[in-house]
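Please look over the sequence and the 3D structure below before reading on.

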Amino acid sequence: MGCCGSTERTKREWRPLEDRSSTDLPWFLLFIVFCVGMGSICGFTVATGGAARLVYGYDSYGNTCGQRNEQIEGVRLSGLDHTDRKFVFFLDPCNIDIVQRKIKSVALCVSLCPPETMNTYQDLQRFAMINGSELCSYELAGHKYPGLPERFSKCPKLPVPPSKPLPVFNRCTPLDVSCYAKFAEAVVTFVGDNSVLHRLIAGVASSKEIIIGLCVLALVLSMILMVIIRYISAVLVWILTALVVLGSLGGTSVLWWLYIDHRLYGNDTSPKVVKEEEEEEVRQDVGQALLVYAAAATVFTIILFLLMLFMRRRVSLTIALFHVAGKVFLHLPLLTLQPFVTFLALLLFWMYWVLVLLFLGTTGNPVQNEETGLTEFRLTGPLQYLTWYHAVGLIWITEFILACQQMTVAGAVVTYYFTRDKNRLPLTPILSSVLRLVRYHLGTVAKGSFIITLVKIPRLILMYIHNQLKGKENACARCLLKTCICCLWCLEKCLNYLNQNAYAATAINSTSFCTSARDAFVILVENALRVATINAIGDFVLFLGKILIVTSTAFAGVLLLNYQRDYAEWLLPLIIVCLFSFLVAHCFLSIFEIVVDVLFLCFAIDTKYNDGTPGKEFFMDKALMEFVENSRRLERAVERGRSRVKEAVSERAEMKPMVSDSSDEGGVARQKSSSEEEGVGLDVGGGEWEELQEFQVYYLLVGVLVDWVLTEQSDFILCLSEDVVLFLCVYLPTSTLFLFVSMLHTPSLAPSSNKSAVITAKS
């Protein structure tokens, strides 16, 4: 069950869609046991009466409405027969505790909710005599309401608003919701006037048809964008690159202009009443701040230029992957329904979870509230940990459902990629992937989602502690808490990405979670620069797609809502539409992102274990094949330009006495095959090492230049020495380690050449 696995690590032989077997079966059994525990909590709440109290309601003395009750020891007016009293009525329904989110009022079981306003106690008496529904406390007789001295504390607060029972939950709810204005104002803090709130709600109610239409428009735009993004991905990428470069240049130029202007003309905006010494100090502080901002922007711009320079070739891989991802959605149209299925599953589970949580709120032993004197039901002893178990279930099962989506998408994309003839794809690859998931890999999904749960729970606990201690903790504790929360968030994101690739590796090779995670991690490390480029550029392009959908929907909303002149307040409807459109775009484009990541992993595996020769043909699409060919041609040109000496040495080694032309042809063929295999790595070895060397040298030169510009003459030697020490102690060891790893994974050309030469000589 652990992640260690076997101590001996054997070489992985990838066999896509072959040797399918069950994975992580113990974790599947553990997940089943956990789900049985979740169901047992629901059964416990039903058996102990918590569900009945929630549905039928109970009064402030522990009696459940609509049934006969047993006497509760120490609680007066308990054990009453409420068979004919089926509704819960609150004496003061507008007395709401905002912090605890509950009504602080005495609750009674009544046979009928008041259908009209009652302004006097005579109205209460008349209603009780005619309908038999007594709205005052049980010990008061209905026909004596007007003359009883206890009527002020044990009868409803006048005037009694009209109300009607809620469906299913049998609570008398006032028809006029104005008494909840304080609660609404506390929740919506930007509303300072009740009339504003009423106008906003009226605007939403009157424009509900337009809101629904705009939400459907966002849904349609998201589905269209998933299909056409392969045609506009190249344009988006290069527009993005140009905007980022121009934006960084413009921002840096403005900051330097502000700094130079401040140095030349001083700070004319400073107050005239400030003394000259203080004014000079303020001017120096402003100038120092501008200098720091300008220098930081300059360093960021230069590093950005260097990254653009060294990753420009890998941008084409991102564009090719986007192009192939668009084809995947054309061949697998059911992928577009995956967000609906996942959302439906999450919605059903969340509804069940909230319902059981409400059951837990009315389950337990009756306890009298010391502050209000009312009877409440609370879990005591070991039973109070049921709520924590239920909370862990929310996180784990939610992550499990999301992981099932990732595994399903990964299985379908793997089937598409490793099927050479796309016309022979299965009839429903999505359904086939779901069946493989249910039959073989539910344990793997359970294990991966449990790991995410283990990281998410401490982060949520720290966030809760941080919110509870807000304004009470010192600066050091606040900084430490935020640092821990940030680190756990970063760890969670990294594990999410690794889990997603582990699911793809499991879909390919049918291995356990830990083995798949290890194999996927090795593949990703070998293609680290490509991963960084795809994640950076691809994620930003998808973010631009989300913004495009939101802005298009918002523009249509402005036109439609502005056309309806009756809508005086259409800000809230527009905000609702924008939030929904962003949520829909995020759900759909997240599926597209998963497809791109799985395609990249398949592509990396394909290029590592295949070279295009007979018996080792590529599985990749034509767009990716063109990228491979272009990379090979560029790599060969760079290699010829930089290693002429090596080529000369290898040519002299090959000039041996030859016995026959056939042996010569065999040696040439072997040498050609060896050189082609050397080029199949696609920057795994020499190319990435050379680019890393160039980047580090340029980075050192940039650091020296920045030090020379920003430091005084006396401090320049110190800064220069720091740059050199950093370069020698950090960058060079990193490059050496990278070269060593590349040599381990890339076959050498020289031994192959020498071996062929010796064989030729012997023949």
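Predicted model: local features only at pLDDT ≥ 70, side-chain atom pairs only at ≥ 80, totals over all residues.

Residues are numbered from 1 along each chain as its sequence is written, and side-chain values use heavy atoms, with hydrogens and water left out.

The secondary structure of the protein chain comes to 21 helices and 8 strands, where helices (H or I, at least four residues) and strands (E, at least two) are DSSP runs numbered from the N terminus. Of the 763 residues in the protein chain, 41% are buried, a word that means under 20% relative accessible area, with exposed meaning over 50% and partly exposed in between (1.4 Å probe, protein chains only).

Helix 10 (residues 386-417) comes within 10 Å of helix 1 (residues 25-47), axis to axis, and the two cross at roughly 130°; the axes are lines fitted to C-alpha atoms over the stretch in contact, and angles run from 0 to 180 degrees between N-to-C directions. Helix 1 and helix 10 are therefore oblique to each other, since angles under 35 degrees count as roughly parallel, over 145 as roughly antiparallel, 65 to 115 as roughly perpendicular and the rest as oblique. On the helix 1 side, the residues that make the contact (heavy atoms within 4.5 Å) include L30, F31 and F34, and on the helix 10 side they include Y389, W396 and F400.

Helix 10 itself has 32 residues and reaches 46 Å from its first C-alpha to its last, close to the 46 Å expected at 1.5 Å a residue, the expected span being 1.5 Å times one less than the number of residues. Because 25 of its 32 residues are buried, helix 10 is largely enclosed by the rest of the structure.

Not counting residues up to four places away in sequence, T419 touches R424 and L425. With the same exclusion of residues up to four places away in sequence, P114 touches F89, F127, L135, V160, P161, P162 and S163. The C-alpha atoms of P114 and L135 are separated by 8.7 Å, although these residues are 21 residues apart along the chain.
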